[in-house]
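Good morning, everyone, and thank you for letting me take a few minutes of the meeting. Please have a look at the structure on the screen, and I will then go through it slowly, starting with a word that I will need later.

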Amino acid sequence: MYYFKVAEKFVSINGEGPRAGELAVFLRFCNCNLNCSYCDTRWANTTHVKYELASAEELVEYVKSTGVKNVTLTGGEPLLQADIARLIVMLGKSGAKVEIETNGSILLKDIVSLSPRPTITTDYKLPSSGMETFMLIKNFSYLALHDAVKFVVGDFCDLVRAKEIINEYELINRCHIYFSPVFGKIKPEEIVEFIKDHKLNDVRLQLQLHKIIWNPNTRGV
């Protein structure tokens, strides 16, 4: 039996993504294959992080016990987990609405073929992250209208690059698009002005609600 390394699990509201503001159960897994400059969950990827070992069955039972229907699988990078597809299917069959937050570097082909199919929020890492070379452009072809691409923006150059990607791959017609500022690095109003200046219809500014409601460094919220 496979056991997941779970850094934390808790109930809160979704701070970002298509279900922002809604109640959700969060399952945060250890380990990530990237090292973004602005990562706010780097602690979950360290060799000394405390974690719980849990089977898919145990995690499904935990989610059911909360009475909350939305489940967000996050990390770290959840798609690195060897048995993640089985967990997604089990959660979906139990009645949960599963959303995966993934970093854009792992192929989504097998995930979108699952039934029930999860909702996907994938990052596209922009230049200030230092990780853009790891992005899999092919993943855009697997997205559907209820999925999302999130551009975490750290500066003006990131905004310009995000616009290039949106236009080149016609993402507006493919899925939801979010611009999310790196906390403390760029003012939200700068992003709004860029969206206005470039007439980026259907692109949404999204602030990380959990960092506004609680202290930005608080875990488990």
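When I say that residues are in contact, or that they touch, I mean that they have heavy atoms within 4.5 Å. This is a predicted model, in which local features need pLDDT of at least 70 and side-chain atom pairs count only at pLDDT 80 or more, while totals for chains, interfaces and linings use all residues. Residues are numbered from 1 along each chain as its sequence is written, and side-chain values use heavy atoms, with hydrogens and water left out.

Let me begin with the whole protein. Its secondary structure comes to six helices and nine strands, where helices (H or I, at least four residues) and strands (E, at least two) are DSSP runs, numbered from the N terminus. For 221 residues, a compact globule would have a radius of gyration near 17 Å, and the protein, at 17 Å, agrees with that; the radius is taken over C-alpha atoms, and the globule rule is 2.2 Å times the number of residues to the power 0.38.

Now to the sheet. Nine strands form an open sheet of mixed pairing, in the order E3-E1-E2-E4-E5-E6-E7-E8-E9, and two strands are said to pair if DSSP finds at least two bridges between them. Strands E3 (52–54) and E9 (203–205) stand at the edges with a single partner strand each, so one side of each is left without a neighbour in the sheet. Further in, E5 (residues 97–102) and E6 (residues 119–123) run parallel and are joined by four bridges, and threonine 102 has threonine 122 in E6 as its bridge partner.

Which residues does valine 98 touch, if we do not count those up to four places away in sequence? This residue, which has its place in strand E5, touches Arg19, Val71, Leu73, Ile88, Leu91, Gly92, Pro118 and Thr119. Valine 98 is buried, with a relative accessible area of 6%, where buried means under 20%, exposed over 50%, and partly exposed in between, for a 1.4 Å probe and protein chains only.

Finally, glutamate 132 lies in the loop between E6 and E7. Leaving aside neighbours within four places in sequence, glutamate 132 is in contact with Tyr124, Lys125, Leu126, Pro127 and Arg161.
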